Amino acid sequence: MRLPPILAAAALVAVAQPAAYAQATLTLDQALEIAQRNSLSVAVSEAKLAQSETQISQTYAGLYPQLSLTTSALSYRQIDAGASAGLGMGGLGGLGGLGGLGGLGGLGGLSGVGGLGGFGAGSTFNMIQTQLSVSQVLFDGFQTANALKIADASVKMNRVDIANQRRKASYDAANAYVQVLRAEGLREVSLRAVEQAQSHVAAAQVRERAGTGTRFDVLQAESQLANVQGQLRSTTNGVEIARLNLANVLGEPVGNRPLSPSLNLASVGFGLEDDLGPAIANRPELQTLQLKRRMDEATVDLNRTANMPKAQAQAQYSQQGLGTGRTFMVLGALQWNLIDWGKADAKVRSSEQDLRQTDLNIENARRQLSMDIQNALLSRQDARDRLRIAQKGLQVSQESYRMAQVRYNAGVGTGYEVIDAQTMLVQAQNTYVQANNDLQAAEVRVAQALGVDLRTATRPGL
C-alpha cells in the first residue's frame with residue numbers, strides 16, 4: 001500500500017538544511033562544547049570578571065606614590081594709570097604677603113608684584129610657574145587592605161559564576177539533546193506502527209477477497225491505520241519543536257543533523273547512603289554565599305576602621321619661569337576624624353546585620369541543596385526501576401503481538417486481536433522510550449545536583 005502524502009512528509013525532517021548538517025553526526029560532547037562557547041551568560045560573567053580584576057588593580061594603585069605636575073601661566077596688562085594705582089593698593093600687591101609663608105609653592109616671589117602700580121598704561125607682565133609634587137600614603141587605617149579583601153572575593157565570586165554558567169549551559173544542552181532523542185524515538189515508534197497497520201490492512205483485504213474475512217475487518221484495520229497516522233504527525237511535530245529548542249540552547253542551527261543515540265554519559269557514582277557534605281560544598285550556590293560572607297566580613301572591618309587616623313607624606317618642588325624662584329618643600333599630614341555623630345557606628349551595625357543575614361542564607365542553602373541532591377538521587381533510582389519494568393512490558397507486548405499475528409494468519413484469530421495487540425505494543429514501546437530517556441535526563445540532573453561538570457561525565461568513544 002502506498003503512503004499518503006502526509007506520511008511521506010512526516011517521515012522527513014522538519015526543514016531542508018545544507019548537506020553538511022545532514023551528514024555530520026552531532027555528539028553530546030560536541031553539543032556541550034558548542035553550548036558553552038555560544039552562551040551569552042558565560043560571556044556576561046567573563047565581562048564581570050574582567051571588571052572585578054580591574055578593580056583590584058585600581059585598589060593596588062592607591063598604595064603607590066602619586067606623582068603630579070602642574071604648570072600655570074599669568075599674564076597681566078596695564079590698561080590705565082588709575083587701575084595701576086588701585087592694583088598697587090589692594091590688588092596683586094596683596095600677594096606679596098604670601099612671601100612670609102616661607103616660599104610655599106614659590107608664591108613668595110610674587111611679593112614684588114605689589115609694585116606694579118608704578119607701571120605705565122599699556123604695560124604687560126607675564127609669569128610661568130611649574131610645580132612637581134610627590135605624595136605617599138603612610139597609613140590609611142587598613143582601608144586599602146580591607147578594600148583588597150572585598151575586591152579579591154569579588155573576583156573569586158565571578159570565577160565561580162563563570163564555572164557555574166558553563167555548567168548550566170552544559171546541563172541545558174544535555175537536556176535539550178535528550179529531548180530530541182526522546183522525540184525521535186517516539187517518532188520511530190509511530191513509523192513502525194504505521195508499517196504494521198498498513199500490513200494488517202493489506203492482510204484484511206486479502207482475506208476479504210478470499211471470502212475468509214469481512215468488510216468490517218477491513219474497516220477496523222483502516223481505522224487503526226488512521227489513528228497511527230495521526231500519532232505519526234504529532235510525533236513529527238514534536239521532533240521539529242525539540243530540534244528548534246536544541247538550536248536555541250546551542251546558539252546555532254541544528255537542522256536535520258543526526259544526533260548520536262549513544263550519550264556516553266557516565267553514571268555519577270553517588271548514592272543516598274553517601275555523605276552529602278562534600279556534594280553540598282561543591283555546589284556553586286554555596287560557594288558564592290561563602291565568598292559573599294568574606295566580603296561582608298571585610299566590609300565590617302572597613303567600616304570599623306573608617307575613623308582611624310590617616311597619615312600622608314608629600315614632597316613638592318616649584319619654580320618660576322626657566323628656573324628662578326625655586327623652592328622645595330616636604331610635609332607630613334595626619335588626619336583623624338574625632339566626631340562623626342555616630343555615622344561610622346551605624347555603618348558598622350548595618351554591615352554586621354548583612355553578615356548575620358548571609359550566615360542564615362548559607363544555612364538555608366545547605367538545607368535546600370541537601371534536599372535537591374536527595375530528590376535527584378531518588379528520581380534517578382525511580383527512572384532505573386521504571387526502565388526495568390518498561391523492558392519487561394515491552395517483551396510481553398512484542399510476544400503478544402507476534403502470537404496475535406500468527407493466529408490471524410492461521411485463520412483462528414480476529415482482526416480485533418491484532419489491533420488490540422498492536423495498540424498495546426505501541427504503548428509499551430512509547431513507555432520504553434520515555435523511561436530510557438528519563439534515565440538519561442535523571443543522570444544529567446544528578447550531575448547538576450552534585451555540581452559536577454557534565455563534560456567530565458561523558459565518555460566519548462564508548
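Is Phe-142 buried, partly exposed or exposed? Phe-142 comes out as partly exposed, because its relative accessible area is 44%, which falls between the 20% and 50% cut-offs. Keep in mind that this is a predicted model.

**How confident is the prediction?**
- Across the protein chain, pLDDT averages 83, and 83% of the residues score at least 70.
- Over residues 1–22, though, pLDDT is below 50; beyond near neighbours in sequence, that stretch has 31 contacts in the model.
- Residues 84–119 also stay under 50 in pLDDT, and the model gives them 47 contacts beyond four places in sequence.
- Among the chain's elements, helix α7 (residues 215–250) has the highest mean pLDDT, at 95, while helix α1 (residues 5–10) has the lowest, at 38.

**Two loop residues to look at**
- Phe-142 sits in the loop between β2 (124–139) and α6 (143–210).
- Phe-142 isn't a glycine, yet it has a positive phi of about 65°.
- Trp-341 is found in the loop between β4 (324–335) and α10 (343–409).
- Trp-341 isn't a glycine either, and its phi is positive too, at about 60°.
- Trp-341 counts as exposed because its relative accessibility is 80%, and the cut-off for exposed is over 50%.

**Helix α11 and what follows**
- Helix α11 covers residues 415–449, which makes 35 residues.
- At 1.5 Å a residue, α11 should span 51 Å, so the 50 Å between its end C-alpha atoms agrees.
- Just after α11 comes Gly-451, with a positive phi of about 70°.

Methods: Residues are numbered from 1 along each chain as its sequence is written. This is a predicted model: local features need pLDDT of at least 70, side-chain atom pairs count only at pLDDT 80 or more; totals for chains, interfaces and linings use all residues. Side-chain values use heavy atoms; hydrogens and water are left out. Helices (H or I, at least four residues) and strands (E, at least two) are DSSP runs, numbered from the N terminus. Buried means under 20% relative accessible area, exposed over 50%, partly exposed in between (1.4 Å probe, protein chains only). The expected span of a helix is 1.5 Å times one less than its number of residues. pLDDT is the predictor's confidence in each residue, from 0 to 100. Contact means heavy atoms within 4.5 Å.
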